[in-house]
Amino acid sequence: MASINPRKEAAYYTREEDSYSCGLCPHRCRIPVDGYGRCGSRRGDADILVAYSYGKVSSICVDPIEKKPLYNFRPRSRIFSVGGIGCNMFCKHCQNYAISMSPSGKKRTTYESPEELVGLCRSERMDAIAFTYNEPMIWYEYIMDVAECDPDLTCVLVTNGLAEEGPLRDLCKVSSAMNIDVKGFTDGFYMKVCGAHLEDVLSSAKTVHEEKVHLELTYLVIPGYNDSEDELTRFSEWVRDELSGEVPVHFTRFHPDNELTDIQWTPVETLMRAQDLAFEAGLSYVYVGNVLNQGAADTYCPECGNVVIKRLGYMVDIVGLDGTRCSNCRKALNIII
Ligand code: SF4
């Protein structure tokens, strides 16, 4: 029999006179008693702030790790993937809006206790779990409890990076890899399309990198919104200068969705140009996603150019690796097997 959803107290909040102040993400919502935060994941009760979406699971699937996307982390493996509801960004082009925009309680979910979720994951013979599909940062308490329940599980977050530094550092301690969306490289784009600030996301990427969690970045290229050569170049140069040229970057193809249905699919040439610009800026691992173009999603040795992993869709062949070194020139690569 499924267990009952507990009234779990939220972390990172303070009580004010007749409301609560949530400190989980930079929105810092003021939540009145009987009210909810902007993400829908926190509810003000008379006595405590409640992590309202705790354990409410909307989606479970076993996916190829490449679908997250993570290309340099355990390539060709599968990962138990789970999502809840709600998000702290409000992207007009969200491709998962059925669950991300759903206020907590209104979307059909099932409650899985941390023990039950770990049990499901292990019963699929999986040793890795991804919190994905909707925004995991707002599931902070649940993720921490799942990790505590089974410390041997490899934990991955696929996130928009909108979190305050304290909770993010906590999550880094229990995570082995993260993919962070950098959705554009101007604050105007972030404010207009996503309802957040670019600087907060960049700051999170720096924190994750500093914490030595394996990091990959995804940049969804939207025609007319974030696809100028100048913007794409500045993004790649920022990765090189503020993180490292070794951080893998994915340029992925936009398709019309949610409120942005009047925009066309990203032309393949734009994505290939973004990849060229990133390589020219000095990044070592640059991929084009959502496109079946020979070579565009392959991993090359940055030293000798040898193809080390070939990919076409979710077909993955490891062809030039010896452990985590290039089998041709022996360079140590930023790949975790
Ligand atoms: S986590 Fe949710 S409730 Fe808390 S500050 Fe962010 S949007 Fe507001």
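Analyst: Pro69 lies in the loop between β7 (59–64) and β8 (78–83); strands here are DSSP runs of E of at least two residues, helices are runs of H or I of at least four residues, and both are numbered from the N terminus. The peptide bond that leads from Lys68 into Pro69 is cis, with omega near -5 degrees. The structure is a predicted model, in which local features need pLDDT of at least 70 and side-chain atom pairs count only at pLDDT 80 or more, whereas totals for chains, interfaces and linings use all residues. Residue numbers start from 1 along each chain as its sequence is written.

Arg28 is found in the loop between β2 and β3, and its phi is near 45 degrees, a positive value in a residue other than glycine. Strand β2 (residues 19–22) is joined to β3 by three bridges, and the two run antiparallel. Tyr20 stands opposite Ile31 in β3.

The ligand comes next. Its shell consists of 13 residues, of which Cys22, Cys25, Cys29, Gly37 and Cys39 come nearest; a residue is near a molecule if its C-beta atom, placed from the backbone, lies within 6 Å of it. By class, this shell holds six nonpolar, four polar and three charged residues. Ala, Val, Leu, Ile, Met, Phe, Trp, Tyr, Cys and Pro count as nonpolar, Asp, Glu, Lys and Arg as charged, and the others, Gly among them, as polar.

The helices are considered in pairs. In general, two packed helices are described by the angle between their axes and the distance between the axes. The axes of helix α2 (residues 114–123) and α3 come within 9 Å and cross at roughly 60 degrees; axes are lines fitted to C-alpha atoms, for helices over the stretch in contact, and angles run from 0 to 180 degrees between N-to-C directions. That makes α2 oblique to α3, since angles under 35 degrees count as roughly parallel, over 145 as roughly antiparallel, 65 to 115 as roughly perpendicular and the rest as oblique. The crossing of α2 and α3 is right-handed; a crossing is right-handed if the near helix is turned clockwise from the far one by less than a right angle, and left-handed if anticlockwise. Pro114, Glu115, Leu117 and Val118 of α2 meet Tyr142, Asp145, Val146 and Cys149 of α3, a contact requiring C-beta atoms, placed from the backbone, within 7 Å. This contact of α2 with α3 comprises six nonpolar, no polar and two charged residues.

Helix α3 (residues 140–149) also packs against helix α4 (residues 165–174), at an angle of about 25 degrees and with the axes 10 Å apart. The two helices α3 and α4 are therefore roughly parallel. Their crossing is left-handed. On α3, the residues in contact are Tyr140, Ile143, Met144 and Ala147, which face Pro167, Asp170, Leu171 and Val174 in α4. Seven of the residues in the contact of α3 with α4 are nonpolar, none is polar and one is charged.

In a further pair, helix α7 (residues 229–243) and helix α8 (residues 268–281) have axes that come within 9 Å and cross at roughly 40 degrees. α7 and α8 are therefore oblique to each other, and α7 passes α8 in a right-handed crossing. The contact involves Glu229, Leu232, Thr233, Ser236, Glu237 and Arg240 of α7, together with Ala274, Leu277, Ala278 and Ala281 of α8. Five nonpolar, two polar and three charged residues make up the contact of α7 with α8.

Finally, another open sheet has three strands in the order β16-β17-β18, with antiparallel pairing. Its edges are β16 (299–300) and β18 (315–318), each of which pairs on one side only. Two bridges link β16 with strand β17 (residues 307–312) in the antiparallel sense, and Thr299 stands opposite Ile309 in β17.

Conventions:
Pairing = 2+ DSSP bridges. Contact = placed C-beta atoms within 7 Å.
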